[in-house]
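Subject: Structure handover

Hello,

Here is the structure for your files. My notes on it follow below.

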Amino acid sequence: DGTLAELPSPWPPGQTARLPTGERREVLALAVAPDGSTYVLELREGALYKLAPGATAWTLLARDLSVNGRSDILAMPDGDVLVSEGLRANEPATSRFGVRRVKPDGQVVAFTGGSEQGAEIEDRPVATARFFEAAGLALRSDGAVLISDLDAGLVRAAGTDGVVRLVAGKPAGPIDFAKSATLSVPSGIALDAQGRVVVSEFAGHAVRRQDGTTLVT
């Protein structure tokens, strides 16, 4: 009906939006799980918070995730939350590249490889697949996790069989074929009602949809 309801701030009571360093806490990404739980990702502390249905206070699940302004979160049906990680502007030495899995108890484990960057178009095992800078996340109907690799210009899928495969993008090639088209900094990613991949190009100033083997702007 258009009514807006303000949720409480994710950080604990007594803490303000400003950190002791003078930086402001910033809510970066938001996701809603199938059970109605709401998750937000805070940029400056790399913190993941959860607001359970009916709860009045958020729970801190994890902190010091390697997130930046392009990171995303994905609430999985099993209760886990995936977080895309990349270069941290304030702490480059602690940066990780790829996707991490945060368990309901707050345990943080690797979903893909993480310590090394790499723009890979070949099939790779999920555990060792390298990403240049993982950004958007989406869940496909077959259970595969779609990951946009921002600076590599790729969209890849981590399948339930443990293999990461190329979906779209390549450094060079004809523009009309999905697996050889150059994607200009693909960021946000989603699936439409027909299961087609839709991706926003941050530097390309466009939204593109994959129809079979063709990317339509």
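**Overall fold**

The protein chain has zero helices and 17 strands (DSSP runs numbered from the N terminus, helices being H or I of at least four residues and strands E of at least two). Its radius of gyration, 17 Å, is close to the 17 Å given by the globule rule for 217 residues, so the chain is as compact as a globular protein of that length; the radius is taken over C-alpha atoms, and the rule is 2.2 Å times the number of residues to the power 0.38.

This is a predicted model, in which local features need pLDDT of at least 70 and side-chain atom pairs count only at pLDDT 80 or more, while totals for chains, interfaces and linings use all residues. Residues are numbered from 1 along each chain as its sequence is written, and side-chain values use heavy atoms, with hydrogens and water left out.

The C-alpha trace spans about 55 × 45 × 35 Å along its principal axes. Of the 217 residues, 44% are buried (under 20% relative accessible area; exposed is over 50% and partly exposed in between, with a 1.4 Å probe and protein chains only). Among contacts (heavy atoms within 4.5 Å) between residues at least 6 apart in sequence, 35% join residues at least 24 apart.

β14 and β15 pair in the antiparallel sense over four bridges; pairing requires at least two bridges found by DSSP between the two strands. P186 stands opposite E201 in β15. The two strands form a hairpin with five residues between them, and G195 in the turn has a positive phi of about 85°.

β15 also pairs with β16 (residues 206–211), in the antiparallel sense and over four bridges. Here S200 stands opposite V207 in β16. This hairpin has four residues between the strands, and H205 takes a positive phi near 55°.

In a regular strand the side chains alternate between the two faces of the sheet.

**R196**

R196 lies in the loop between β14 (186–191) and β15 (197–201). R196 counts as partly exposed because its relative accessibility is 27%. Its side chain makes a polar contact of 2.7 Å with the side chain of D192 and another of 3.1 Å with the side chain of Q194. A polar contact is a pair of N or O atoms within 3.5 Å; within protein, one must be able to donate a hydrogen and the other to accept it, and residues adjacent in sequence count only if both atoms are side-chain atoms. Leaving aside neighbours within four places in sequence, R196 is in contact with A190, L191, R209, Q210 and D211.

**N68**

N68 is in the loop between β4 (59–62) and β5 (73–75). N68 counts as buried because its relative accessible area is 10%. A polar atom of its side chain lies 3.0 Å from the backbone oxygen of L87. Not counting residues up to four places away in sequence, N68 touches L28, L43, G86, L87 and E133.

**A charge over a ring**

The charged end of R156 sits over the ring of F131, 4.4 Å from its centre; the criterion is NZ of Lys or CZ of Arg within 6 Å of the ring centre and within 35 degrees of the ring normal.

Regards
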